[in-house]
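Let's take a friendly look at charged side chains and how they pair up. Here is the model to keep beside you as you read.

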Amino acid sequence: MEASVEKLFGEAILDEAARRFGMTAGSYKMLGDFENYVYEMNRGGEAYIMRLTHSSHRLEGEISAELAWISFLVSEGLDIPACFPSLQGRALTERIPAGDSWFTACLFQKAKGNPPDVHDPAVWNPELFEHWGEIIGRMHEATSRYEVPAGSPRRPDWEDDELLRDAANYTVPGDEFVLERLDQLLAHLRGSPREKNAYGLIHTDIHRGNFFVKDGRIAVFDFDDCAYNWFVHDIAIPLYYSLTMDVPESYAGGKEAFALDFLRAFRKGYRSAYESPSEWLKEMPYFLKLRDITLYLVINKKLDPANRKPHIQQWMEDIKDRIRRDVPVVEVDYGHI
């Protein structure tokens with residue numbers, strides 16, 4: 001979290017959020033603080049997830065639009081943690097002042113299960129990848145029918161991302177090639193068609209850190225980055241993070257072989273729920289490259305170089321190398337998926 005936001009956040013904000021949603025005072029366990037403050041809290045012996053978002057990151061209307069979409073997906077039968085209203089006003093969001101700004105608090109059901117163990121072949125395997133694809137396919141099938149409620153705010157399109165708009169602010173001197181590559185990608189994507197069967201409101205960040213697994217089933221959470229984007233983006237992101245973090249030891253570092261096996265299983269599950277136009281798979285390299293650039297920008301925004309752990313710094317060097325060479329994290333023949 002940025003230092004300017006950290007100065008505004010504290011126990012008083014937490015206590016007020018807990019009070020407004022009827023949580024037990026002091027029952028706070030921090031789960032994350034990268035883009036939002038996320039806590040596990042308790043009410044009546046049951047655990048919930050409280051998220052507090054500073055107004056510099058998301059405005060209250062954007063969050064309301066996110067929660068409306070989550071509620072729609074839950075109503076469609078997807079295994080997604082529900083969001084709950086506060087005690088006062090029965091609103092899904094509560095604005096808590098912090099100086100000249102504010103934090104928006106919202107409350108979620110705690111997802112069942114645990115993070116997937118990527119080192120356990122009984123968990124991290126084609127069966128899981130297939131179900132991963134299936135649940136994203138189900139989300140895309142539902143969102144292809146989603147209409148924003150009349151008079152309600154709308155989530156942004158992918159190109160409205162502040163990181164992309166203000167990329168120069170997060171580019172280190174000497175790394176201007178990042179901006180050149182970004183301009184090339186933006187020109188390509190802005191010229192791409194946006195048909196309703198291939199473009200809509202999507203999660204945008206369903207890597208293994210944003211779902212739990214229980215009895216082989218996936219429960220997706222953390223919709224903070226949801227935006228209007230091409231459906232293929234939600235396929236590129238699972239592949240990207242699985243390749244950069246979680247290639248099984250049995251592949252001996254063979255990213256291409258793992259990518260093909262992963263995508264075949266993932267695509268099988270996806271197609272069982274939704275048949276998005278297959279020609280979009282050839283666009284995967286553009287979205288993989290864009291994720292590299294987005295991560296370069298967010299790491300520079302959030303983490304001072306002096307405070308980066310060695311593995312984060314090495315990750316950044318790998319990302320910069322790919323951006324400089326203008327190559328995606330993996331190159332495969334998507335016609336064989």
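## Ground rules

Helices are DSSP runs of H or I with at least four residues, numbered from the N terminus. The model you see here is predicted. With a salt bridge taken as a Lys or Arg side-chain nitrogen within 4 Å of an Asp or Glu carboxyl oxygen, the count comes to 25 salt bridges.

Let's begin with helix H8, which holds both Arg264 and Asp261, three residues apart, or about one turn of the helix. Their salt bridge has its closest N and O atoms 4.0 Å apart. Arg264 is partly exposed at 38% relative accessible area, and Asp261 is partly exposed too, at 34%.

## Pairs that link separate parts

Asp175 and Lys320 form a salt bridge with an N to O distance of 3.3 Å. Asp175 sits in the loop between helices H5 and H6, while Lys320 belongs to helix H10, so this pair ties together parts 145 residues apart in sequence. Asp175 is buried, at 7% relative accessibility, and Lys320 is buried as well, at 15%.

Asp246 and Arg208 also meet in a salt bridge, at 2.8 Å from N to O. Here the loop between helices H7 and H8 carries Asp246 and the loop between strands E7 and E8 carries Arg208, so the pair ties together parts 38 residues apart in sequence. Asp246 counts as buried at 4% relative accessibility, whereas Arg208 is partly exposed at 28%.

Definitions and conventions. Residues numbered from 1 in each chain as written. Predicted model: local features only at pLDDT ≥ 70, side-chain atom pairs only at ≥ 80, totals over all residues. Heavy atoms only, no water. Helix = DSSP H or I, 4+ residues; strand = E, 2+ residues; numbered from the N terminus. Buried < 20%, exposed > 50% of the residue type's maximum accessible area, 1.4 Å probe, protein only.
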